[in-house]
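Here is a friendly walk through some side-chain pairs, a domain boundary and a chain interface. Have the model open as you read.

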Amino acid sequence: MEVVDHETPSLENGQTDKEVEENANVLQFMDSMDAYLTLIHSLSSTLRRGWLELASARHSMGASRVNTVLLDHTSHPAATSLLVTQDEGKVDSGKPHFTLCKWASSSNENSLLGEKQSSQDKLHPQLRHRGSTELYEEKTSSENKASREVDDPVQKERSKSLSMFGTLVSPKLRAAQLSFEAALETLVEIANMRSEMLCAFDQVNMKLAGRKDEK
Amino acid sequence: MYGFEAMTFNIHGGYLEAIVRGHRAGLFTAADYNNLCQCETLDDIKMHLSATEYGPYLQNEPSPLHTTTIVEKCTLKLVDEYKHMLCQATEPLSTFLEYITYGHMIDNVVLIVTGTLHERDVQELLEKCHPLGMFDSIATLAVAQNMRELYRLVLVDTPLAPYFSECITSEDLDDMNIEIMRNTLYKAYLEDFYKFCQKLGGATAEIMSDLLAFEADRRAVNITINSIGTELTRDDRRKLYSNFGLLYPYGHEELAVCEDIDQVRGAMEKYPPYQSIFSKLSYGESQMLDKAFYEEEVKRLCLAFEQQFHYGVFFAYMRLREQEIRNLMWISECVAQNQKSRVHDSVVFIF
């Protein structure tokens with residue numbers, strides 16, 4: 001009877017470790033691709049909702065109040081900006097990371113802090129049941145407190161953005177604004193997820209190339 | 001009893017009342033709307049409309065169509081009908097017909113002033129103005145820096161001049177001041193129109209009082225809901241409500257202090273005509289409020305045609321046609337966005 005020694009590492013077990021690592025890379029790639037496709041679907045439905053809410057606002061307030069000619073062409077700072085950084089402290093440090101700085105024209109520190117914390121949480125998607133749109137863990141209670149503190153300035157900034165259509169606007173227009181805001185956040189998540197996916201793909205390719213060289 | 005209008009009305013108003021009743025017969029029915037709701041593309045809608053009175057206005061429009069094009073061309077038909085009636089009308093009907101357009105005039109003034117504040121081209125703004133609200137010196141609005149100049153340079157020679165007395169300041173025009181100006185002008189216009197109709201007396205006064213009171217009450221509710229969560233103070237909000245209507249004055253006192261939609265509901269449900277409107281809504285929800293108000297308005301406007309020998313039929317026809325254009329706009333948007341399941345969210349059937 002042949003006795004298999006599981007404790008002593010052999011060539012066979014080394015390859016198994018390699019295979020485990022390759023499988024992990026492939027799983028990470030597939031997981032990030034699944035998250036990417038789910039985000040694309042989510043973006044599509046959010047935009048559909050936003051456009052219909054905008055049409056509903058136009059129906060409610062009248063065509064003269066919700067019109068492209070009312071868009072502000074004066075010079076003014078952007079309400080929201082995109083920060084592009086390189087991931088630090090990682091082997092694949094060439095990977096870009098995108099952070100949305102919402103309402104950056106005022107209260108910069110609070111909004112940046114809130115966004116950075118939430119974006120760091122979103123760097124590491126976890127395995128989950130396919131078809132679910134819930135990608136990330138819930139915010140901690142400290143983050144919730146921080147988000148409540150920035151709510152009033154955020155509401156003011158939202159009203160300021162909408163003021164080009166008048167200061168007394170229909171709730172439908174405010175709902176449309178929230179939908180497009182959510183779509184913008186989803187777009188940044190898609191960009192980060194795509195970056196993650198391409199990085200995972202590169203790693204899988206590297207492993208495959210390494211295997212071919214060995215043969 | 002009224003003042004023997006049946007004996008004298010037809011001398012000056014008979015022809016135009018017949019014309020407007022003929023136009024009323026051309027309004028879309030539920031069957032027409034059901035056909036339109038089956039359309040898959042805007043070109044299908046154009047094809048259906050080509051068989052209606054809107055046909056000549058849309059036939060030369062090239063594909064691909066846009067929803068704003070459909071609305072603009074349908075509005076041109078209304079403008080043509082209005083101009084025909086206006087040029088045939090004698091006093092006091094001609095003044096009555098002009099009153100109907102002052103609301104559009106106010107919207108156009110605010111559009112030009114707001115667009116100029118945002119450094120938009122004047123020609124671009126003029127193209128987007130409602131044709132019923134145009135006047136000769138409208139383009140000159142772009143040079144005004146504050147309300148005093150607005151009045152002095154342009155509006156002093158327009159029908160809106162009397163409405164400016166309550167909002168003339170030297171403050172520069174900004175978004176909040178413009179909004180207050182818009183609502184103050186509209187309040188003054190509604191009150192003036194109401195007094196004019198009262199002076200006419202008879203069936204016109206009775207029917208128009210009801211319609212204008214409903215308009216004033218609806219404005220009060222919309223101002224309240226739209227100002228929740230904004231910087232508009234309670235006093236400023238109260239000043240924007242009209243000084244007539246079913247809600248005046250006690251309903252206005254309650255609306256002025258409302259902080260959410262449920263408080264608005266609580267204030268409105270004390271009035272039986274509005275209790276039925278709010279009973280269609282669930283608590284905390286305001287999305288369907290517009291449709292509920294439009295349905296009530298359409299019901300009242302259709303009732304105006306049940307009586308003869310009054311000017312209310314002209315006002316009712318214009319408003320019903322505007323509702324029809326709103327319906328067409330909504331159906332077009334739902335078709336263009338491939339959201340036909342949502343068509344019945346905002347379409348209000350007239351017949």
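B:Glu215 counts as buried because its relative accessibility is 9%, where buried means under 20% relative accessible area, exposed over 50% and partly exposed in between, with a 1.4 Å probe and protein chains only. Helices (H or I, at least four residues) are DSSP runs, numbered from the N terminus.

Before going on, a word on conventions: this is a predicted model, in which local features need pLDDT of at least 70 and side-chain atom pairs count only at pLDDT 80 or more, while totals for chains, interfaces and linings use all residues. Residues are numbered from 1 along each chain as its sequence is written, chains are lettered from A and ligands numbered from 1 in the order in which they are written, and side-chain values use heavy atoms, leaving out hydrogens and water.

**Salt bridges**

A salt bridge here is a side-chain nitrogen of Lys or Arg within 4 Å of a carboxyl oxygen of Asp or Glu. Over all chains, the search finds 33 salt bridges. One of them joins two chains, because B:Asp290 lies in helix H15 (residues 289–304) of chain B and A:Lys172 in helix H4 (residues 171–214) of chain A. Both B:Asp290 and A:Lys172 are buried. Some pairs are set out below.

| Salt bridge | N to O distance |
|---|---|
| B:Arg218 and B:Glu215 | 2.9 Å |
| B:Glu179 and B:Arg182 | 3.4 Å |
| B:Arg321 and B:Glu324 | 2.6 Å |
| B:Asp290 and A:Lys172 | 3.1 Å |

B:Glu179 and B:Arg182 are 3 residues apart in helix H9 of chain B, about one helical turn. B:Glu179 is buried at a relative accessible area of 2%, and B:Arg182 is buried at 10%.

**Rings**

Rings of Phe, Tyr and Trp (its six-membered ring) pair if their centres lie within 6.5 Å, with planes under 30 degrees apart counted as stacked, over 60 as edge-to-face and the rest as tilted. That rule gives 24 aromatic pairs over all chains. Among them is the tilted pair of B:Tyr99 and B:Tyr102, at 5.2 Å centre to centre and 50° between the planes. Both of these tyrosines lie in helix H6 (residues 93–117) of chain B, and both B:Tyr99 and B:Tyr102 are buried. Why is the pair of B:Tyr189 and B:Phe193 stacked? Their planes are at 25°, and their ring centres 6.0 Å apart.

**Domains and chains**

An automatic or database domain assignment divides chain B into domain 1 (5–16 + 80–322) and domain 2 (17–79 + 323–350). With contact meaning heavy atoms within 4.5 Å, 35 residues of domain 1 of chain B touch 29 residues of domain 2 of chain B. Across this interface there are 3 salt bridges.

Between the chains, 38 residues of chain B are in contact with 28 residues of chain A. Together the two chains bury about 3100 Å², 55% of it on carbon and sulfur atoms; buried area is the accessible area (1.4 Å probe) that two parts lose on being put together, summed over both. In chain B, the residues losing the most area to chain A are B:His118, B:Arg120 and B:Asn226, together 19% of what that side buries. The salt bridges between chain B and chain A number 2.
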